[in-house]
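Visitor: Hi! Could you walk me through this one while I have it open?
Guide: Happy to. Ask away.

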Amino acid sequence: MIVDRQGRRFRNLRVSLTSACNYACTYCVPDGKRLVAAQDELSAEAMARGVAYLVEAAGIERLRITGGEPLVSPKLEALLDAVKPLNLQDISLTTNGQLLARKLPVLVAAGIQRINVSLDTLDPDAFRGIARGGDLATVLDGIEQAAAAGLRIKVNMVPLRGQNLDQVLPLLDYCLMRGYELRFIELMRMGHLARDGQTFSQQFISLEQLLAVIGERYAYQQAEAPVDATALRYEIPRQGYFGVIANESVPFCRTCSRLRLSSTGWLHGCLSSSNRHRVGELFDQPRHQALPALQRLLVRALADKQEVAFSGGATVMKVIGG
Ligand code: SAM
């Protein structure tokens, strides 16, 4: 097993199925241009072989399919079918929910039991301003249908000063009433936000500021979370839970167990590092040739992890998958 001197190892793999997206969120795509799929995307078969190799070489236990927007990819069904026999502890998906109702039968047939849906506001105007694509009512309908089909739902919200801070409580009410877990994600210094400290500071809401807003309506207490969880978890007694991925306020690099595979065949060991490692061609090789080479690259990818805290990175989520 590949372990670093802090005892970290890769357990969770995030695969970006495609870099194409039907949104152009302000914090991810500053120029607002619609993202298209890269010409040299891996096929679903190559990705699935890669996941199988990584399970063996790194000891991956859990898989999350992300993007870009995974539900726009024609490879979704083939990838889900191909990774099912790997018997991973968990396969989940992060989506903006726009195509959720339409793709729900594919997710249900593949045995997906939980999904994260990104939703930054319940206000239609603010939604258009942040996502710059899609339609709020369609997302809400998709979430409702997914919940009715038995999927566990987490809602991801990035609180942004001046854009959706007034939506923290409405979104929390919405989730608590329906039994979904809301996860706030502190804005991360990625891409243009890593270069433009002023925009980052203007928009950033810290854990402390967020908890102050929540405390205006709810009494909460910190709850248990797994050691390598990225989210701090809080309980609102008798009503439910919420989480905060407090990347800046309470860095979690010391216990990070994430590995990312881009849609074009690069491994990323850390969101905060611009290093990446080419593996696409290895996935076309037979197992006995691919595994030793992959192990060498995994050692390097693990060494890319920050010691303590995320310091910002040139890469953006749309490329390596959130
Ligand atoms: N399209 C899918 C979705 O919207 O969930 C998956 C990809 S998206 C990049 C994954 C998550 O990353 C979303 O919840 C999004 O809000 C988050 N994200 C993107 N850029 C971010 C940033 N700079 N800081 C914090 N979260 C970010």
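Visitor: Which handedness does the crossing have where α1 passes α10?
Guide: Right-handed. Keep in mind that this is a predicted model.

Visitor: Okay, and at what angle do the axes of α1 and α10 cross?
Guide: Roughly 60°, and the axes come within 9 Å. Helix α1 covers residues 44-58, and helix α10 covers residues 287-303. Angles from 65 to 115 degrees count as roughly perpendicular, so α1 is oblique to α10.

Visitor: Which residues make that contact?
Guide: From α1, Tyr 53, Leu 54, Glu 56, Ala 57 and Ala 58; from α10, Arg 287, Ala 290, Leu 291, Leu 294, Gln 295 and Leu 298. By class, the contact has eight nonpolar, one polar and two charged residues.

Visitor: Now the ligand. Which residues come nearest?
Guide: Tyr 27, Gly 68, Glu 69, Ser 118 and Met 188, out of 18 residues around the ligand.

Visitor: And what is 2.9 Å from a nitrogen atom of the ligand?
Guide: An N or O atom in the side chain of Glu 69.

Visitor: Where does the backbone come in?
Guide: At Gly 68, a polar backbone atom is 2.8 Å from a ligand nitrogen atom. Met 188 also has a polar backbone atom 2.8 Å from a nitrogen atom of the ligand.

How values were computed. Residues numbered from 1 in each chain as written. Predicted model: local features only at pLDDT ≥ 70, side-chain atom pairs only at ≥ 80, totals over all residues. Heavy atoms only, no water. Axes fitted to C-alpha atoms, helices over the stretch in contact; angles between N-to-C directions. Helix = DSSP H or I, 4+ residues; strand = E, 2+ residues; numbered from the N terminus. Parallel < 35°, antiparallel > 145°, perpendicular 65-115°, else oblique. Left-handed = near helix turned anticlockwise from the far one by under 90°. Contact = heavy atoms within 4.5 Å. Nonpolar A, V, L, I, M, F, W, Y, C, P; charged D, E, K, R; others polar. Near = heavy atom within 4 Å. Polar contact = N/O pair within 3.5 Å; in protein donor to acceptor, adjacent residues only side chain to side chain.
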